[in-house]
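Please examine the structure shown below.

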Amino acid sequence: MFEPNMLLAAMNNADSNNHNYNHEDNNNEGFLRDDEFDSANTKSGSENQEGGSGNDQDPLHPNKKKRYHRHTQLQIQEMEAFFKECPHPDDKQRKQLSRELGLEPLQVKFWFQNKRTQMKNHHERHENSHLRAENDKLRNDNLRYREALANASCPNCGGPTAIGEMSFDEHQLRLENARLREEIDRISAIAAKYVGKPVSNYPLMSPPPLPPRPLELGMGNLGGEAYGNNPTDLLKSITTPTEADKPVIIDLAVAAMEELMRMAQVDDSLWKSLVFDDEEYARTFPRGIGPRPAGFRSEASRETAVVIMNHVNIVEILMDVNQWSTIFAGMVSRAMTLAVLSTGVAGNFNGALQVMTAEFQVPSPLVPTRETYFARYCKQQGDGSWAVVDISLDSLQPNPPARCWRRASGCLIQEMPNGYSKVTWVEHVEVDDRGVHSLYKHMVSTGHAFGAKRWVAILDRQCERLASVMATNISSGEVGVITNQEGRRSMLKLAERMVISFCAGVSASTAHTWTTLSGTGAEDVRVMTRKSVDDPGRPPGIVLSAATSFWIPVPPKRVFDFLRDENSRNEWDILSNGGVVQEMAHIANGRDTGNCVSLLRVNSANSSQSNMLILQESCTDPTASFVIYAPVDIVAMNIVLNGGDPDYVALLPSGFAILPDGNANGGGDGGSLLTVAFQILVDSVPTAKLSLGSVATVNNLIACTVERIKASMSCETA
């Protein structure tokens, strides 16, 4: 049986090394004298000793009192403002601040030490008070239950109950009491990490485990079998952790958090000229998940950005598997929480620890997905600063199936003014990518496909998109702009579902079974089928998906602009039959003009397709671009534009994923890796058999589309 004291021991042990990555704190902050500590709390850091730290007693004059210097109000205000931006200034920053304020660097250093101590004490007192209030509430409830049990009366005669008549209720009460005691012990161990001593009788109710995200796409074979029954699905072979595994997981998570904080430092020796040093890493962190498996290679990257989202909201997204997999749908094809070992302290995610599985993807069937089994640990690093770290648990499985081991990876999130956050993302994996197609080898090996820059770019883009959903100051001057707030939200929600479905259906997920048709090497068309039954978001029947990827010597920006422009759509869209495409409605959802959701109408000469509507979302960031669309029903879209529920609009998304080829060095823009994917309803009867004629039709459709795109782009480059 797993003992909560193991969590206490592991986390207390980590406290002794918790600031190894910050040499200034490690060497000085823990050795403040009592009078310095009191000064920090009673004087808000406004006084500092001159001449050294509290331990530096003059051996020649042991009784000589230290001189204190009271800072001016202006100096305090300036340092307070700087502290909000950067509570851990380095030597260069302290020297500059001392010159600006007319202080010694040592005075500035001591002021920041005292201020951090004061903030830490304030935070601990607040959490202590909250936990005591929860404990008092539980104690009062317990007393009330005991009184009710003691004064219970017989429902038949009204007299006092005899021994044995309350056996069922008493049994239930004992079970509940035992459960609450276990919960108190567990939270006490976690709370000890933050208040510095063991804490007793601090209860915290555990919420139910997070529900797993349903698999968006699991494909049968070309014979039309049911969705998601691939026997080679690796994630299905992973089991939940045992009681014996839990202390090991806790130890790995605490060590991974220390490792992440070190790797997130800007001037750290692990990054030489922004390139990760494997040898220095091995010397610095000799333990962890073990040596690199045979045939694997190391891949490490780091990226920083300022995003338009509150730091607390970012933490909530990362710790909720459903929100996380939705926001990062371009990277996460599937994700699930297997176990919650800790829900955090005082109602937030500080100290939360989860065991998860996830599958990371590139939007192309030519790049194998990366399945990983890992622990996710969240910890508050200070006021307005949080860190979330992942660490692989594949070594705990009897037969590790994964091609990817996730070393300490995650992000440091720091609060910024006006609702912004600074995010520093670190990705560090050991991976076997020998199955990657030669077309994508360079892109994957240089970190463009799965690296930190890709994660940060997606987060930045999604923060913009969410901000546009909440926007209320919409200008009505431009023709076609949707100003109805409820209509905007419904249309954006529908477009989000369309994008998620497209991304999950175009990758080489182990939940899919692609069949390669005869072709010419890299441009082989891959197809798969599924049955759509009782799904209000998809039309019923047999759906055939087809995809192909190819390289084109045109920069991604030009390919993106060409494919998203309704005026050039008839150059590649065979189904529009050369009709005029007109934009009927438009929602901008980002800084780049290409980031938008549009409702298009195709005015075709063919009467059967007259006034056909197309929902399209185009989105772009420095690492990837997408143009995704789906035919939609006119009546259903009218309901959505008036704020109706978009979940019942049937969609079969098709579109394009445009990735840089990773060769944009030497001042050039490089070429593009373009994936084209179609979903076609070949029969409205789910029990029907798929005909070879349908496969041939879809194969010809995708081949003609590729040729038209190449011809149009070659004319532009000529």
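Lys493 and Asp647 form a salt bridge, with 3.7 Å between the closest N and O atoms; the term denotes a side-chain nitrogen of Lys or Arg within 4 Å of a carboxyl oxygen of Asp or Glu. This pair links distant parts of the chain: Lys493 belongs to helix α14 (residues 485–506), Asp647 to the loop between α16 (634–641) and β20, and 154 residues separate them. Helices (H or I, at least four residues) and strands (E, at least two) are DSSP runs, numbered from the N terminus. Lys493 is partly exposed, at a relative accessible area of 42%, and Asp647 is partly exposed as well, at 33%. Here buried means under 20% relative accessible area, exposed means over 50%, and partly exposed lies in between (1.4 Å probe, protein chains only).

The model is predicted: local features need pLDDT of at least 70, side-chain atom pairs count only at pLDDT 80 or more, and totals for chains, interfaces and linings use all residues. Residues are numbered from 1 along each chain as its sequence is written, and side-chain values use heavy atoms, with hydrogens and water left out.

By the rule for salt bridges, the count comes to 22. One of them joins the side chains of Glu617 and Arg465, at 2.7 Å from N to O. Glu617 lies in strand β18 and Arg465 in helix α13 (residues 452–470), so that this pair, 152 residues apart, also links distant parts of the chain. Are these two residues buried or exposed? Both Glu617 and Arg465 are buried. Arg564 and Asp561 both lie in helix α15, three residues apart, which is about one turn of the helix. Arg564 is partly exposed, with a relative accessible area of 23%, and Asp561 counts as partly exposed at 27%. Elsewhere, salt bridges that share partners join Arg297, Glu299, Arg370 and Asp433 into one network.

Strand β18, which holds Glu617, is part of an open sheet of nine strands in the order β13-β14-β15-β21-β20-β19-β18-β17-β16, with antiparallel pairing. Two strands pair if DSSP finds at least two bridges between them. β13 (515–516) and β16 (580–588) stand at the edges; each has a single partner strand, so one side of each is left without a neighbour in the sheet.

Within this sheet, β18 (residues 612–621) and β19 (residues 624–632) run antiparallel and are joined by nine bridges. A hairpin through two residues connects β18 to β19. Along this pairing, Leu613 stands opposite Val632, and Glu617 stands opposite Ile628. Ile628 in turn stands opposite Gly655 in β20, where β19 and β20 pair in the antiparallel sense over five bridges. β19 is mostly covered, as eight of its nine residues are buried.

Which strands does helix α15 lie across? Helix α15 (residues 556–564) lies across β15 (541–552), β18, β19, β20 (654–660) and β21 (672–683), and runs at about 165° to β20. Axes are lines fitted to C-alpha atoms, for helices over the stretch in contact, and angles run from 0 to 180 degrees between N-to-C directions; contact means heavy atoms within 4.5 Å. In the loop between β15 and α15 is Val554, which is buried at a relative accessible area of 2%. Val554 and Leu673 are 119 residues apart in sequence but 9.4 Å apart in space, C-alpha to C-alpha.

On a 1 Å grid over the protein atoms alone, a cavity is a set of points where a 1.4 Å probe fits but cannot get out, and lining residues have an atom within 4 Å of a point. Grid points are joined across faces, edges and corners, and a volume is the space filled by probe spheres set on the points. The largest cavity has a volume of about 260 Å³. Of the 19 residues that line the largest cavity, Ile327, Arg461, Gln462, Val499 and Cys619 are the closest to its centre. The elements giving two or more residues to this lining are α11 (321–327), α13, α14 and β18.

Terms used. 1 Å grid on protein atoms, 1.4 Å probe; cavity = no way out; pocket = protein on both sides within 12 Å on 5 of 7 lines; lining within 4 Å.
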